[in-house]
Amino acid sequence: MPADTARRALKEAATAQPAFGGITDLRNHVSFQLEGGTQGVGGDLRYGVASQLSVRLGASFIPVTVNNALSLPGFQSTNSASVKFYNIHLLADLVPFKGIRGFRLVAGGAYLYKADGGLNVIPTGSYTYGSTTVTGTDIGNLNMNVSWKGIAPYAGIGLFRSFPGHVFNINLDLGTYYLSAPQTHIIGTGLLADNYQLEPQFNDNLKEYRWLPVLQLNFNFRLK
């Protein structure tokens with residue numbers, strides 16, 4: 001084998017990526033991942049900015065509505081509960097140990113442009129109190145809504161590699177968002193019209209509910 005051919009072969013062997021080990025230098029690599037988990041479904045575009053650092057920009061959505069989920073003994077109603085969390089997030093993934101490429105520290109934040117939990121109750125029965133009978137129409141409707149809209153910092157860890165070694169891989173995110181202080185809004189009609197006065201107490205009862213845990217599975221496709 002000529003000397004220059006031998007030197008070229010040795011150089012290629014030294015710089016080649018392991019067949020199953022994946023990328024060892026993240027710089028300038030690009031991937032797109034589809035995600036699903038506790039923050040909903042969505043997607044991220046990831047870019048390697050340094051040897052051990054990548055950033056990703058994406059969005060996630062949770063649109064869930066359940067009808068007649070609430071049952072109150074002795075009280076007839078139709079009701080619906082909904083959860084709608086829509087966010088745009090920017091996260092940075094740092095590989096702290098060169099020898100453990102599948103472990104990442106993740107930090108960043110999201111803007112939750114919709115972050116609501118709601119309950120709407122429409123009484124349907126008739127109720128007699130002494131000589132007085134009231135119907136569902138007399139009682140009125142009740143709508144309660146809680147919003148965490150705003151900026152939410154994020155911290156967590158990632159498992160498995162940021163970029164596929166070839167075309168595709170799967171990785172995990174485990175962490176939490178710290179949400180804005182919740183704000184409640186109560187609207188009632190009929191006999192329930194005065195329930196708006198409960199808003200301050202409702203806010204106080206929910207003030208500790210500011211953590212949104214994230215357990216997310218990512219399907220990651222290498223673009224570059």
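Tutor: Let's start with a term: buried means under 20% relative accessible area, exposed over 50%, and partly exposed in between, with a 1.4 Å probe and protein chains only. This is a predicted model in which local features need pLDDT of at least 70 and side-chain atom pairs pLDDT 80 or more, while totals for chains, interfaces and linings use all residues. Residues are numbered from 1 along each chain as its sequence is written, and side-chain values use heavy atoms, leaving out hydrogens and water.

Student: Is Leu34 buried, partly exposed or exposed?

Tutor: Leu34 is found in strand 1; strands are DSSP runs of E, at least two residues, and helices runs of H or I, at least four, numbered from the N terminus. Its relative accessibility is 42%, so Leu34 counts as partly exposed.

Student: Which strand gives the largest share of the nonpolar patch?

Tutor: The patch includes Leu34, Phe32 and Phe219, with about 860 Å² of accessible area together. Patch residues have over 30% relative accessible area and no salt bridge, with nonpolar side chains (Val, Leu, Ile, Met, Phe, Trp, Tyr) joined within 5 Å; a salt bridge is a side-chain nitrogen of Lys or Arg within 4 Å of a carboxyl oxygen of Asp or Glu. The largest share, three residues, comes from strand 12.

Technical notes. Patches are made of residues with over 30% relative accessible area and no salt bridge: like charges are joined within 9 Å, nonpolar side chains (Val, Leu, Ile, Met, Phe, Trp, Tyr) within 5 Å. Accessible areas come from the Shrake-Rupley method with a 1.4 Å probe; for residues, only the protein chains shown count as cover.
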